[in-house]
Structures are given as structure tokens and as C-alpha cells.
Amino acid sequence: MHKMITYGVLHYNPLQNEKSRNDLVECLESLTYNRDPLISSEVYVIDQGNPAPELDFVIDHSTRLGLKCISLKENLGIAGGINFIAKLGENSNYISLVTSDVIFPKGMDTTLIKELIDNPDIMQICPLSDKSELDYQKVEVNQDANPLLCLVQELTIQFWPRKAFDLIKGYYEPFRACYENIDAALRLFMCGKYTAISNRIKCIHKHGGCIKSGARNHTYDGHINMPNGFNQEMVAQLFHSRWSGLNNIIDLYSPINPARVDNIRKTMLELYGN
């Protein structure tokens with residue numbers, strides 16, 4: 001059935017950490033009660049291969065809130081999880097990732113969708129965050145400010161037009177633990193599209209739950225087609241082999257300078273266009 005938005009909440013808590021459990025419940029409750037009832041949407045809570053006690057916990061709270069729960073046999077990582085959500089929402093107008101340690105405030109859906117409608121070259125957008133490690137993602141809300149164009153943003157609540165996934169053929173799953181989001185943003189940029197941060201709304205990010213729950217340490221477990229495992233060093237090498245010399249072209253951790261966009265994109269296409 002066609003929906004305006006397909007939401008996905010990824011959850012991986014193999015150690016059954018209590019903080020991560022509490023964060024998930026707050027996240028699901030805020031998404032249930034604060035999303036706009038006038039916008040047709042569906043919410044999938046995606047269990048990333050947790051052991052039985054944690055899976056039961058996820059199912060119980062999803063059922064209580066009237067949300068759909070899908071249990072996967074393995075942890076697909078963030079990239080694989082995002083691609084899975086996009087497939088679930090292949091008939092929706094928009095896809096949204098809601099990380100399981102954020103609070104979804106009222107107005108989030110209407111604000112970010114309006115930003116995407118008003119700025120058709122933006123293909124992924126997220127809100128400001130109260131605990132971002134990026135200075136330009138934790139400033140004060142400004143209702144009059146235009147979206148901030150950037151290459152790197154911290155994943156909290158992310159919205160994409162569904163066509164963004166057709167444009168870049170999805171997230172590249174071997175890239176994990178931050179690299180997947182950078183790579184997707186770079187490929188969108190090379191297609192003439194943008195990643196952005198909305199200055200008009202902010203989310204509360206509990207932050208740190210994935211470390212306490214052991215999820216970060218297990219990011220590479222069960223990697224598709226990698227029976228002997230994958231690790232951070234291997235992913236870093238893979239990323240830098242794909243984007244060799246990128247740091248000499250653009251500062252990933254600064255907003256995009258509109259005056260230099262065309263030259264930067266042209267250079268990147270010449271170097272990485274294949």
C-alpha cells in the first residue's frame with residue numbers, strides 16, 4: 001500500500017543493555033505519538049539479529065504501540081539496514097531512518113518534508129542535534145534559516161526522497177561505522193544532489209547507547225559474504241582506496257561552499273567517476 005513515509009528504527013542490543021532498552025522505548029513512543037497523523041506513514045521496528053530475550057522485548061513494545069516488528073537473522077549494519085528500509089518503502093514518497101536513541105519531536109516530519117519539497121536538489125536531510133560531534137549540527141534552531149548544505153552529518157533522524165536510492169543504487173554495505181554515510185553523501189554529490197541539515201528543528205540524541213550495548217563492537221559481525229569477519233581497519237582501507245586523495249579536494253567536515261561546488265564536483269567526477 002502506498003504511504004507518504006516509511007520509517008525504520010534499527011535496533012541492535014546483543015548485551016541487553018538497560019540504557020539502550022530505555023532509549024528504544026522512548027524513541028518508539030515519541031515516534032508513535034509525535035508524528036503527524038495527517039501524513040500517511042508506516043513504522044517498522046527492525047531487530048538486527050538480537051538474542052531471544054532482547055527480541056522478545058522489542059516485539060512486546062512494538063506490539064504495544066501498534067508498530068510493525070521485523071526480526072532479521074543477522075546484523076546488517078547501518079548501510080544494510082537502511083537499504084532494507086528503502087526496500088520496504090519502495091512505493092513510498094519518503095524513507096526515514098530513526099536511530100533508536102533519539103527522541104522524535106512534534107513537527108519533525110512536516111518540517112523535513114517541506115525542506116525536501118522546497119529544495120528538490122537535496123536528497124537527504126536531518127535535523128540539528130543537541131549532542132552532535134559536528135559543530136554545525138548542534139547550533140540553535142533558526143526558523144528563518146535555509147538548510148545547511150554539507151557532506152557529512154551525524155545520523156539521528158534522516159529523511160530521503162525514495163528516488164535517492166534509485167539514483168545511487170543504495171548504500172554500499174561493506175562501509176560501516178560512519179563510512180557508509182560519507183560514501184552515500186559523496187555519491188549523491190557527484191550526481192548533482194546534496195546532503196543537508198535543517199536549521200528549523202532539533203532532536204534530542206541520547207548518544208552513546210551503541211557503545212554501552214556492545215553494538216559498536218559487533219558492527220562487523222556476520223558481514224554479508226565475509227565469513228571470517230570484517231573490522232574497522234579493513235573498512236578504512238576499503239574507503240580510502242575508493243576515495244584516495246579526497247582530503248586534498250574537499251574538507252568533509254565543513255559546510256559546502258556554493259561558490260566552489262561546480263569545480264569540486266567536476267574534479268571528483270574526473271577522479272572517482274568510475
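Modeller: Before you ask, buried means under 20% relative accessible area, exposed means over 50%, and partly exposed is in between (1.4 Å probe, protein chains only). This is a predicted model: local features need pLDDT of at least 70, side-chain atom pairs count only at pLDDT 80 or more, and totals for chains, interfaces and linings use all residues. Residues are numbered from 1 along each chain as its sequence is written, and side-chain values use heavy atoms, with hydrogens and water left out.

Biologist: Fine. How many helices and strands are there?

Modeller: The protein has 9 helices and 9 strands. These are DSSP runs, numbered from the N terminus: helices are H or I with at least four residues, strands are E with at least two.

Biologist: What share of the residues is buried?

Modeller: 56% of the 274 residues. The accessible surface comes to about 12500 Å², and 52% of that belongs to carbon and sulfur atoms. Those areas come from the Shrake-Rupley method with a 1.4 Å probe; for residues, only the protein chains shown count as cover.

Biologist: Now the core. Which residues touch the most other members of the largest one?

Modeller: V98, F159, L186 and M268, in a nonpolar core of 58 residues. Such a core is a set of buried Ala, Val, Leu, Ile, Met, Phe, Trp, Tyr and Cys residues joined through side-chain atoms within 4.5 Å.

Biologist: Take L186. What does it touch?

Modeller: Leaving out residues up to four places away in sequence, L186 touches L151, F239, W243, L246, L252 and M268. Contact here means heavy atoms within 4.5 Å.

Biologist: And what lies apart from that core?

Modeller: Another core, of 20 residues. Its members include L10, Y44, I46 and L76. In general, nonpolar side chains in soluble globular proteins tend to be buried together.

Biologist: Where is V9 found?

Modeller: V9 is in strand β1. V9 is buried, at 0% relative accessible area. Beyond neighbours within four places in sequence, V9 is in contact with L24, C27, L28, L31, Y44, V45, I46, V98 and S100. The C-alpha atoms of V9 and I157 are separated by 9.6 Å, and these two are 148 residues apart along the chain.

Biologist: What part of the contacts comes from residues 24 or more positions apart?

Modeller: 82%, among contacts in the protein with a separation of 6 or more.

Biologist: Changing topic. How many disulfides?

Modeller: A search of the whole structure gives 0. The rule asks for a pair of cysteine sulfur atoms within 2.5 Å.

Biologist: Rings next. How many aromatic pairs?

Modeller: The count is 10. Rings of Phe, Tyr and Trp (its six-membered ring) pair if their centres lie within 6.5 Å; planes under 30 degrees apart are stacked, over 60 edge-to-face, and the rest tilted. Y7 and F104 have ring centres 5.7 Å apart and planes at 85°, so they are edge-to-face. Y7 sits in strand β1 (residues 5–11) and F104 in the loop between β5 (102–103) and α4 (108–118), so the pair ties together parts 97 residues apart in sequence. Y7 is buried at 0% relative accessible area, and F104 is buried at 0%.

Biologist: What about W243 and Y272, how are their rings set?

Modeller: Their centres are 5.1 Å apart and their planes at 65°, so this pair is edge-to-face. W243 is in the loop between α8 (232–242) and α9 (261–272), while Y272 is in helix α9, 29 residues apart.

Biologist: Which charged residue lies over the face of W243?

Modeller: R242, at 4.3 Å from the ring centre. R265 has its charged end over the ring of F189, 4.4 Å from the centre. The test is NZ of Lys or CZ of Arg within 6 Å of the ring centre and within 35 degrees of the ring normal.

Biologist: Last one. What is the phi of K169?

Modeller: Positive, about 60°, although K169 is not a glycine. Most residues other than glycine have a negative phi. K169 lies in the loop between α5 (163–168) and α6 (179–190). K169 is exposed, at 72% relative accessible area.
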